[in-house]
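Welcome! Please take a look at the sequence and the 3D picture below, and then we will walk through them together.

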Amino acid sequence: RPSVVLAYTVKGWGLPMASDPLNHAALLSEEQRDDLRRASAYINQGRLAEAEQILVGLAEFAPKSRSTWYQLALCRQLQGKHELAMSPVRRALSIDQKFIPAQLLALDIELAIEPERARARMDRIVKLDGENADTLFQVARIALRKLQANRLAASLLQRAQAIRPDSQEGLELQAELLVTEGQQRAALSLYEQLIERSPRNPDLLQARVVLLATLGRKQDTMAA
C-alpha cells in the first residue's frame, strides 16, 4: 500500500548556526571557523578568558547552538564564575534536554550554588541516560565525593558495573567506596589488583601507600 517517508535534515549540524532558520545565508566564515577551533583549543590550554570572549561572539551569531552555549558555560565554570555559568548551560538545555554533557555540567554548577537542587538533577540524568555506563560512573563519583551519599553511589555503581563489569573506572570507584565505608582491607586487595593492571599509575600507588599506613603495615609502606 502507499506509504510516505518524511525526512528532516539539520543544516550546519554541530556548528554554531545549526537549525537557524537563516542559516542558508549564515554560513560560518573561514574566520569564524577558525574562532570555533581556537576557542576549543584555548579551553584545553586553560586560556579560559580568551575562549569565553570568542564563544560569547559565536553565541550571539547563532543562539540555537547547544554546543556553543555549553562551551561558554564550561569556560565560566572552570573560572569559578558559577552564577554566570548557569545561564548559558540552561540555554543549552532549553535547546536539547537530552544533551548529557550539559546536564552533568548543570549538576556541577548546582552543587556549587544550589546544592539543594543537585539530587533532582542527578535523578533526571539517570532517567535520561541510565543505560550508559560512563554517565552512571560520573554520577556515582559525584554522589560519593561531593554529596557523601554512599548508598546512592553504590546503587549507581552497581548499575554501571552490570553494563561494563570489568571497567577500570568502575573498579577504582568501588575501591574508593570501600575506603569511605571503612573496609580498608577489602579496598587494599582491590587496589592491589588494579596496580597489577596499571603498575605505574601514581594515583593507585598513592592510594595503596595511604591504606598500608592506615592498616599499620609500616614495612610494607616503606617498600611501596
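At what angle do α8 and α9 pack, and how far apart are their axes? The two helices pack at an angle of about 155 degrees, and their axes are 11 Å apart. Because an angle over 145 degrees counts as roughly antiparallel, α8 is described as roughly antiparallel to α9. Please keep in mind that this is a predicted model.

## The overall picture

Let's step back for a moment. The protein chain contains 12 helices and 0 strands. If you read along the sequence, the pattern is α-α-α-α-α-α-α-α-α-α-α-α.

The protein chain has 224 residues, and buried residues make up 40% of them. Among contacts between residues at least 6 apart in sequence, 47% join residues at least 24 apart.

## Two pairs of packed helices

Two packed helices are described by the angle between their axes and the distance between the axes. We already have both values for our opening pair, so to speak, and here is some detail. α8 passes α9 in a left-handed crossing. On the α8 side, N150, A154, L157 and Q161 take part in the meeting, and their partners in α9 are G170, L171, L173, Q174, L177 and T180.

Now try α5 and α6. This pair packs at an angle of about 165 degrees, with axes 9 Å apart, which makes α5 roughly antiparallel to α6. The crossing of α5 and α6 is left-handed. From α5 come I100, Q103, L104, A106, L107, E110 and L111, and they meet A118, R121, M122, R124, I125, L128 and D129 in α6.

In soluble globular proteins, nonpolar side chains tend to be buried together. In this model, the largest nonpolar core has 26 residues, and those with the most contacts inside it are I43, L55, Y70, V89, A102, L105 and I109. Which elements give two or more residues to this core? They are α1 (30-45), α2 (48-61), α3 (66-78), α4 (82-95) and α5 (100-113).

Find L55 in the picture and look around it. Leaving aside residues up to four places away in sequence, L55 touches A39, I43, T68, Q71, L72 and C75. Another core, of 23 residues, lies apart from the largest one; I100, V139, A140 and A143 are among its members.

## Salt bridges

Side chains of opposite charge can pair when their charged atoms come close. A search of the whole structure finds 16 salt bridges. One of them joins the side chains of R121 and E110, at 2.7 Å from N to O. This pair links distant parts of the chain, with R121 in helix α6 (residues 118-129) and E110 in helix α5, 11 residues apart. Are these two residues buried or exposed? R121 has 7% relative accessibility and counts as buried, and E110, at 1%, counts as buried too.

A salt bridge also forms between the side chains of R145 and E176, at 2.9 Å from N to O. Here R145 sits in helix α7 (residues 133-145) and E176 in helix α9 (residues 168-180), 31 residues apart. R145 is partly exposed, with a relative accessible area of 46%, and E176 is partly exposed at 21%.

## A loop joins in

Next, look for D166, which forms a salt bridge with R197; their closest N and O atoms are 2.5 Å apart. D166 lies in the loop between α8 (150-163) and α9, while R197 is in helix α10 (residues 184-197), so the pair ties together parts that are 31 residues apart in sequence. D166 is exposed, with a relative accessible area of 53%, whereas R197, at 40%, counts as partly exposed.

## A proline to find

Where is P101? Its place is in helix α5. P101 is partly exposed, with a relative accessible area of 35%. From C-alpha to C-alpha, P101 and V89 are 9.8 Å apart in space, and they are 12 residues apart in sequence.

Notes. Residues are numbered from 1 along each chain as its sequence is written. This is a predicted model: local features need pLDDT of at least 70, side-chain atom pairs count only at pLDDT 80 or more; totals for chains, interfaces and linings use all residues. Side-chain values use heavy atoms; hydrogens and water are left out. A nonpolar core is a set of buried Ala, Val, Leu, Ile, Met, Phe, Trp, Tyr and Cys residues joined through side-chain atoms within 4.5 Å. Buried means under 20% relative accessible area, exposed over 50%, partly exposed in between (1.4 Å probe, protein chains only). Helices (H or I, at least four residues) and strands (E, at least two) are DSSP runs, numbered from the N terminus. Contact means heavy atoms within 4.5 Å. A salt bridge is a side-chain nitrogen of Lys or Arg within 4 Å of a carboxyl oxygen of Asp or Glu. Axes are lines fitted to C-alpha atoms, for helices over the stretch in contact, and angles run from 0 to 180 degrees between N-to-C directions. Angles under 35 degrees count as roughly parallel, over 145 as roughly antiparallel, 65 to 115 as roughly perpendicular and the rest as oblique. A crossing is left-handed if the near helix is turned anticlockwise from the far one by less than a right angle, and right-handed if clockwise.
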